[in-house]
Amino acid sequence: MIKRRTSSRAKIFDAALSLLDEYAFEAITVDKIIEVSGVAKQTYYNHFATKQDVYVELSYKELFERTKSNVEDACAKYSMADKRLERFFQLCEISLKKDGHIERALMKEGLLASATPDKIAPYMLAINDELKHLITPAIECGEMRSDTPLDFCIELIAGTLSNLVINWTNIPDYRLTRNRKLYTRVLVESLLKRKS
């Protein structure tokens, strides 16, 4: 049997994520992440300068993985772009609600505090690349509005996702379900030709 190796970065990410399930972000220290991850202190500092660096990259990594999974699910379930968009945003809502305290901590302490575009740019490009699959059917069958360039469509979908996440993260009584449905309807109407 081949023993599977786990990278130091993966161990650090796993530890940082698991600690959010037990502690408030403010109570988590670099030393605690090192202890839980089992990596040497120097190994930690070879990868990250601060606790914030870990959570910034972790938030984008988690956002990418969740986005990819939600896109794959929506594409497997539906062949039409409007249904894919609806399913994708519904799954995003479910993800946000599932582990609310962890999601909020990652967004506030990682994603929203990010000041390292060089580290997050690859994640953002990968997310945008995944999002294009949601509207591929509309392009292939001519249902995409001709006055809307593909890159703008992807930005609009990504911006809608960001807006939902940021508002949900920062507004205590944010009406996530209602707004998710409204955003999806507006997106579908904006990007796709009206069906006769």
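At what angle do α5 and helix α8 pack, and how far apart are their axes? In this predicted model, helix α8 covers residues 150–170, and α5 packs with it at an angle of about 25°, the two axes being 11 Å apart. Because an angle under 35 degrees counts as roughly parallel, α5 and α8 are described as roughly parallel to each other. The crossing in which α5 passes α8 is right-handed. On the α5 side this contact is made by Leu85, Phe88, Phe89, Cys92 and Leu96, and on the α8 side by Ile157, Thr160, Leu161, Leu164, Val165 and Trp168.

Helix α5, which spans residues 81–98, and helix α9, which spans residues 176–191, have axes that come within 10 Å and cross at roughly 155°. Since angles over 145 degrees count as roughly antiparallel, α5 and α9 are therefore roughly antiparallel to each other. The crossing of α5 and α9 is right-handed. From α5, the residues that make the contact are Asp82, Leu85, Glu86, Phe89, Gln90, Glu93, Leu96 and Lys97, while α9 contributes Leu176, Thr177, Arg180, Thr184, Leu187, Val188 and Leu191. The residues of the contact of α5 with α9 divide into 7 nonpolar, 3 polar and 5 charged.

Glutamate 86 has its place in helix α5, whereas arginine 180 is found in helix α9. Although they lie 94 residues apart along the chain, their C-alpha atoms are separated by 8.9 Å. Is each of them buried or partly exposed? Glutamate 86 has a relative accessibility of 35% and therefore counts as partly exposed, but arginine 180, with a relative accessible area of 11%, is buried, because buried means under 20% relative accessible area.

What does arginine 180 touch, once residues up to four places away in sequence are left out of the count? With that exclusion, arginine 180 touches Phe89, Gln90, Glu93 and Leu164. Of these, Phe89, Gln90 and Glu93 are among the α5 residues in the contact with α9, and Leu164 is one of the α8 residues in the contact with α5.

How values were computed. Residues are numbered from 1 along each chain as its sequence is written. This is a predicted model: local features need pLDDT of at least 70, side-chain atom pairs count only at pLDDT 80 or more; totals for chains, interfaces and linings use all residues. Side-chain values use heavy atoms; hydrogens and water are left out. Axes are lines fitted to C-alpha atoms, for helices over the stretch in contact, and angles run from 0 to 180 degrees between N-to-C directions. Helices (H or I, at least four residues) and strands (E, at least two) are DSSP runs, numbered from the N terminus. Angles under 35 degrees count as roughly parallel, over 145 as roughly antiparallel, 65 to 115 as roughly perpendicular and the rest as oblique. A crossing is left-handed if the near helix is turned anticlockwise from the far one by less than a right angle, and right-handed if clockwise. Contact means heavy atoms within 4.5 Å. Ala, Val, Leu, Ile, Met, Phe, Trp, Tyr, Cys and Pro count as nonpolar, Asp, Glu, Lys and Arg as charged, and the others, Gly among them, as polar. Buried means under 20% relative accessible area, exposed over 50%, partly exposed in between (1.4 Å probe, protein chains only).
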